[in-house]
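Please look over the sequence and the structure shown below before reading on.

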Amino acid sequence: MADDPLHTESAAPRHARPRSRGPLLAGLLLTAGLIAGLWWQVADTLAQQAVLSGVWALQGKHQVVLQESTDPALAPLLHQPLDRHGFGGVDAPVIASLRWTPESSVAAGQIDAHQRLAQVLNEPRVTLRSDAGVTVNAAPHPRGWAHLGHLFWMLCAIAATATLIGVGIMLLRPDTRNALFVAMVSCQSINLLGAAIESALPLGVPNPWAAIDAPLRLLADLLTAATIVHVACLHPRRLPDANRRAKQVWLATLPVAALLLLLGARGVGWWIGQAGTVVLSLVALALLTWPYRDKPHPFASALHQVGSVILVGWVALSLLAAWPATSINHDLAVSISSRLWYLLMIGMLLLAPAISRSQVMLRELGLIAILCTLVTACTLLFVTLLGLSQHLSLGLSLLLSLTLYAGVRQWIQNRILRRNALTTERMFEQLYRIAREIEQQPEALPERVRQLLSELFDVRESFWQQDNNPMARALPGGSTLIVPLADDNAGDGNRNNNNGNAVVLRYAQRGQRLFSEEDALLASRIVDQLRRAVGFDRAVERGRFEERTRMAQDLHDDIGARLLTMIYKASTPEIADYARHTLQDLKTLTRGLSAKDHLLSHACAEWKADLTQRLQAAHIELACDFTLSGDVMLNVVQWSALTRILRELVTNVMTHAQANRVSLHLSLSQDQRLQLRVSDNGKAGGDPSQWSHGLGLGGVRKRVRQLNGTVQWTRLPEGGICCEVSMPGFGTPH
């Protein structure tokens, strides 16, 4: 598998030739037929077993008591304990799970009891004796399908469904990884089938497969662990020398498997099998951690987290199962806990393909695994150490685990599952700040969205690419999220400047978690809200422009006409010149109000003409210097603010400085930083830091802040005052 998730995780081409459904259906039907045949054979064997009609229970450690029975021949034995060998002359097997019985002598005794009890029940009549000396003869009869129990059918159905799903995936896409997936599911289905058989064997009913049950299921666990190591070499990223590593794992596993078949699943053989499974699991976790140090993969991190929880549960179950049994409750608790563990394991396998598509599923799956581990450990501790009954221990364990789960749930999500994100407060702050920036520079929307999403998901990298799909989506595997920003109202800056219309986010939380459909929905809503904000600002700006145009027209028609009349009817030439200058200012103002945008070069020419006219009337010389690295487009707010700043600065010189020369220097650097410098050679007027800023200088400061700039007045050594204005990120490139 390549390292680039954009290639490895992309969906199949839309026009790819569809696979024929005939082989798929044929394979599924054949598999279903084989499973049904095996299922029927197991169920029929159990249903045809000869049993005695009655419900048997254990009293004390070895004595068997008949609690109820529909056979009249057994009525004299009701509620009377049988003698030690009163069950047809043999001991009744009482161990609930031979798979989780490590002690060799106990396991051998139970297997022998199962075999001897089966021989006794195959006789036409069975003799039962009580401690009180009561002896009865009863006839065994087949138990029937109806008495196999609901748990048996449920576990068999889960095992069959899991196998069908695995085979279906393999038939849809035959490759090595899916073949390994089928192997893992099949091994765990064998374990579930063994657990189902155990559930259908109450006290007094022999296990027909007692001799092979434990070795087969222990071997299935060992092979599952080896297969997981093989998968870790190939997925989520193919490791260097993956085939060689996988061969080494299998070469080390097969001798252990042969040793298990030779020694059996008792004593040393049981411990070898359990230890081998733990070692292989640790190797798999190492393969999901060590190769991803420099380049993390979210799916590997997710598998490592869930796998660690499962391994802890496995070790706890193994150690507590090996704890010396003090009562039958211990054996029953181990049996129930092992069934829970196998159900959890096969659930993890079936949900693994969907983990990358749902962050919620991953989080809840991890929490359920932790909860099941807590319940199992607490139940076994209560039964083993305190000697409590099975049901009381299970109830207390559930109560304690749920209480602890509710208290530390948030901590688990934040620390163990690494579910960190921007808080709601920070999210609103970011959206507000970006909305304000976009209000000044609408063309900055795509880049601001990319920055916000990158910070929100704490990605390792983000970039632009062309994408025709209008929906935000997480690619299969969960390492990549694609968020389209195509919008007819967004302008061409997105496509031209970013070389794409969709932002690609890779490796959420620095490669520690998976993207999900919930993340895609959140990203879509953020983009939609910012688009709405930009649309609202544009609507407001259109309204402002229309109002400015109307006001400019009214000023031109009304005030302009009055000033023109004043020029022709002026009583003195001075009044006529003043009215003429005022009319010129009015034309400049109305032209600026009615224009939507202004080129900076054109604005500089207008400013020079306007300021020259003003200063010439006061007999002051103007020296202008404009240095532009490139032309930019000014919006009305920028043009209006700069025009009023220049006019106010020149007015201050004319009113207070007593100068005969004003220097104006305006420059625009390549990084779009505008520098404005206005100086004079008049009287200094004191220290600028001690000035009281009235409406004039206060207005200059306000307009500079409005454009995100800074302003500073300084006294020149040769006399006069210099005002310097600096404004970053100024204008839109033209």
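## A loop, helix pairs and sheets

P236 is found in the loop that lies between α6 (210-234) and α7 (242-263). This is a predicted model, and in it the peptide bond leading from H235 to P236 is cis, with an omega near 5°. The loop between α6 and α7 also holds D241, which has a positive phi of about 55° although it is not a glycine. Both features deserve a second look, because most residues other than glycine have a negative phi, and most peptide bonds are trans.

How confident is the predictor in the protein on average? The average pLDDT of the protein is 78, and 76% of the residues score at least 70. Over residues 1-18 the pLDDT is below 50, and this stretch has 31 contacts in the model beyond near neighbours in sequence. The pLDDT is also below 50 over residues 415-422, a stretch with 22 contacts in the model beyond near neighbours in sequence.

### Two pairs of helices

Two packed helices are described by the angle between their axes and the distance between the axes. Helix α8 (residues 268-287) packs with helix α9 (residues 298-321) at an angle of about 165°, and their axes are 10 Å apart. An angle over 145 degrees counts as roughly antiparallel, and α8 and α9 are therefore roughly antiparallel to each other. Their crossing is left-handed. On the side of α8 the contact is made by W270, Q274, T277, V278, S281, L282 and L285, while α9 brings H304, G307, S308, L311, W314, V315 and S318. Sorted by class, the contact of α8 with α9 has seven nonpolar, seven polar and no charged residues.

In the second pair, the axes of helix α18 (residues 600-617) and helix α19 (residues 636-657) come within 11 Å and cross at roughly 25°. That angle makes α18 roughly parallel to α19, since angles under 35 degrees count as roughly parallel. The crossing in which α18 passes α19 is right-handed. Residues A603, E606, W607, D610, L611, R614 and L615 in α18 meet W639, L642, T643, L646, R647, V650, T651 and M654 in α19. The residues of this contact of α18 with α19 divide into nine nonpolar, two polar and four charged.

Strands of a sheet pair through backbone hydrogen bonds, either parallel or antiparallel. An open sheet of five strands, in the order β13-β15-β16-β18-β17, has mixed pairing. Its edge strands are β13 (621-628) and β17, each of which pairs on one side only. On average, and with direction ignored, neighbouring strands of this sheet are turned by 10° against each other.

Helix α18 packs on this sheet, where it touches β13, β15 (661-668) and β16 (674-680), and its direction makes about 170° with that of β13. Helix α19 packs on the sheet as well, touching β15, β16, β17 and β18, and its direction makes about 15° with that of β16.

| Strands | Sense | Bridges | Bridge partners |
|---|---|---|---|
| β13 and β15 | parallel | eight | L628 and L668 |
| β15 and β16 | antiparallel | seven | V662 and D680 |
| β17 and β18 | antiparallel | six | V711 and V725 |

Strand β17 covers residues 710-715 and strand β18 covers residues 721-727. The hairpin of β17 and β18 has five residues between the strands, and in it G719 takes a positive phi near 110°. The hairpin of β15 and β16 has five residues between the strands, and there Q672 takes a positive phi near 60°.

### A sheet of four strands

Which strands form the edges of the open sheet of four strands? This sheet has the order β8-β11-β10-β9, with antiparallel pairing, and the edge strands are β8 (461-465) and β9 (473-474), each pairing on one side only. Strand β10 (residues 480-484) is joined by five bridges to strand β11 (residues 502-506), and the two run antiparallel. Within this pairing, L481 stands opposite L505 in β11.

How values were computed: Residues are numbered from 1 along each chain as its sequence is written. This is a predicted model: local features need pLDDT of at least 70, side-chain atom pairs count only at pLDDT 80 or more; totals for chains, interfaces and linings use all residues. Side-chain values use heavy atoms; hydrogens and water are left out. Two strands pair if DSSP finds at least two bridges between them. pLDDT is the predictor's confidence in each residue, from 0 to 100. Contact means heavy atoms within 4.5 Å. Axes are lines fitted to C-alpha atoms, for helices over the stretch in contact, and angles run from 0 to 180 degrees between N-to-C directions. Angles under 35 degrees count as roughly parallel, over 145 as roughly antiparallel, 65 to 115 as roughly perpendicular and the rest as oblique. A crossing is left-handed if the near helix is turned anticlockwise from the far one by less than a right angle, and right-handed if clockwise. Ala, Val, Leu, Ile, Met, Phe, Trp, Tyr, Cys and Pro count as nonpolar, Asp, Glu, Lys and Arg as charged, and the others, Gly among them, as polar.
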